[in-house]
Amino acid sequence: MALSRALRCCQRVFSWIPVIIISSVVLWSYYAYVFELCFVTLSNHLERVAYLLIFHVCFIMFCWTYWKAIFTPPSTPSKKFHLSYSDKERYEMEERPDAQKQILTEIAKKLPIFTRAQSGAVRFCDRCQVIKPDRCHHCSVCETCVLKMDHHCPWVNNCVGFSNYKFFLLFLSYSMIYCVFIASTVFQYFLKFWVGDLPNGPAKFHVLFLLFVALMFFVSLMFLFGYHCWLVAKNRSTLEAFSAPVFQNGPDRNGFNVGLSRNLRQVFGEDKKLWFIPVFTSQGDGHYFPLRTLCESENPLLANEGKWMEDGGSDEESAVVSWLTLAS
Ligand SMILES: [Zn+2]
Ligand SMILES: [Zn+2]
């Protein structure tokens with residue numbers, strides 16, 4: 001017991017290593033750009049002020065989004081999705097798997113759940129004892145079920161999901177802007193050092209490495225960012241891109257794809273002024289997501305609406321209302 005606790009403690013400490021690596025590289029880049037490039041290498045005062053000003057805007061936005069991506073806790077299913085004491089007792093007393101499935105199906109009828117496991121059963125997490133809302137998955141690293149889980153990212157040492165997906169995307173964007181700005185401003189000084197127009201010294205080493213590191217990060221981020229742009233446009237999580245969500249009628253990769261504009265608004269919110277600021281503006285509460293088939297006459301949400309209204313308190317009611325607003 002003590003051994004497993006010690007192992008878990010070690011694992012928790014080691015999981016911060018990628019974040020420490022990124023932070024160290026960023027701190028070094030700050031020193032190299034501000035002191036070695038702007039103060040030591042640059043001779044034009046106006047150029048120095050302009051570079052420092054833009055650099056600090058990029059740097060602050062990068063740090064802010066990185067911080068938010070790391071320290072925003074993943075959101076977990078609300079109490080409504082946990083088994084009540086009596087349901088739990090009934091579920092545990094039952095030994096036949098089929099009867100257990102039946103119990104879960106009955107409970108799930110009262111919840112706005114449209115996805116199923118591959119077997120067709122209601123998705124249930126044994127470890128958290130929770131009926132998984134649509135798009136929710138259990139993260140074995142965080143040891144909890146995470147709403148609209150995208151993936152567990154070691155570079156932010158956090159689960160990327162409903163609560164921080166916008167922050168993660170902004171972190172990728174501002175990282176790229178930071179790299180592009182550094183590479184484009186450093187390039188001419190890199191050439192000057194290369195052809196010998198500037199004297200040899202420690203600044204040369206820092207400037208050469210700044211360009212090399214900025215380009216290397218930019219190229220790797222470009223692929224990841226491009227992939228996530230495609231995912232947002234299609235309204236898919238990384239997990240759903242690998243394994244299509246299963247609905248009552250079978251798997252459907254585009255089950256949550258409600259058109260580019262609405263897909264974007266689901267992640268970034270209605271107010272375009274806040275799209276590029278790392279404040280939470282994603283729509284809904286992470287438990288319900290509009291379905292592509294929502295506009296069709298056989299609308300499962302509307303068919304179940306009455307049930308939730310009867311069953312749920314004011315929280316549930318407002319969640320469904322906000323969900324419906326989102327869908328319209
Ligand atoms: Zn779980
Ligand atoms: Zn996780």
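What spacing do the donors of the zinc ion (ligand 2) follow along the chain? The points below start with that site.

1. Basis. This is a predicted model, in which local features need pLDDT of at least 70 and side-chain atom pairs count only at pLDDT 80 or more, while totals for chains, interfaces and linings use all residues. Residues are numbered from 1 along each chain as its sequence is written, chains are lettered from A and ligands numbered from 1 in the order in which they are written, and side-chain values use heavy atoms, with hydrogens and water left out.

2. Zinc site. The spacing of the donors of the zinc ion (ligand 2) is C-x2-C-x9-H-x6-C. The protein donors are Cys 139 (SG), Cys 142 (SG), His 152 (ND1) and Cys 159 (SG), at 2.1 to 2.3 Å from the ion. Donors here are N, O and S atoms within 2.8 Å of the metal (3.2 Å for Na, K and Ca); water is not among the atoms, so sites may look incomplete. The angles subtended by the four donor atoms run from 103 to 116°, so the arrangement is tetrahedral (four donors, all angles between 85 and 135 degrees).

3. Cys 142 lies in the loop between strand 4 (137-139) and strand 5 (144-146), and His 152 in strand 6 (residues 151-153), so the pair ties together parts that are 10 residues apart in sequence. Helices (H or I, at least four residues) and strands (E, at least two) are DSSP runs, numbered from the N terminus. Cys 142 is partly exposed at 26% relative accessibility, and His 152 is partly exposed at 21%. The classes are buried for under 20% relative accessible area, exposed for over 50%, and partly exposed in between (1.4 Å probe, protein chains only).

4. Arg 135. The side chains of Arg 135 and Glu 240 meet in a salt bridge at 2.9 Å, N to O. A salt bridge is a side-chain nitrogen of Lys or Arg within 4 Å of a carboxyl oxygen of Asp or Glu. This pair links distant parts of the chain, with Arg 135 in the loop between strand 3 (130-131) and strand 4 and Glu 240 in helix 8 (residues 238-242), 105 residues apart. Both Arg 135 and Glu 240 are buried. The charged end of Arg 135 also sits over the ring of Phe 256, 4.3 Å from its centre, and over the ring of Phe 289, 4.9 Å from its centre. A charge sits over a ring if NZ of Lys or CZ of Arg is within 6 Å of the ring centre and within 35 degrees of the ring normal.

5. Other salt bridges. Side chains of opposite charge can pair when their charged atoms come close. The whole structure holds seven salt bridges. Among them, Arg 96 and Glu 94 meet at 3.1 Å, N to O; Arg 96 is exposed at 54% relative accessible area, and Glu 94 is partly exposed at 21%. Lys 273 pairs with Asp 271, the closest N and O atoms being 3.7 Å apart. Lys 273 is exposed at 69%, whereas Asp 271 is partly exposed at 33%. Salt bridges also link Asp 87, Arg 90 and Glu 106 in a network.

6. Aromatic pairs. Rings of Phe, Tyr and Trp (its six-membered ring) pair if their centres lie within 6.5 Å; planes under 30 degrees apart count as stacked, over 60 as edge-to-face and the rest as tilted. The count comes to 28 aromatic pairs. One of them is the edge-to-face pair of Phe 162 and Phe 280, 5.6 Å centre to centre with 70° between the planes. Phe 162 lies in the loop between strand 7 (158-160) and helix 6 (165-195), and Phe 280 in the loop between helix 9 (260-268) and helix 10 (300-311), so the pair ties together parts that are 118 residues apart in sequence. Phe 162 is buried at 8% relative accessible area; Phe 280 is partly exposed at 41%.

7. Helix 7. The rings of Tyr 227 and Trp 230 are stacked, because their centres are 6.1 Å apart and their planes at 25°. Both residues lie in helix 7 (residues 202-234), three residues apart, about one turn of the helix. Leu 231 lies in helix 7 and is buried, with a relative accessible area of 0%.

Methods: Tetrahedral: all angles 85-135°; square planar, octahedral: opposite > 155°, others 65-115°.
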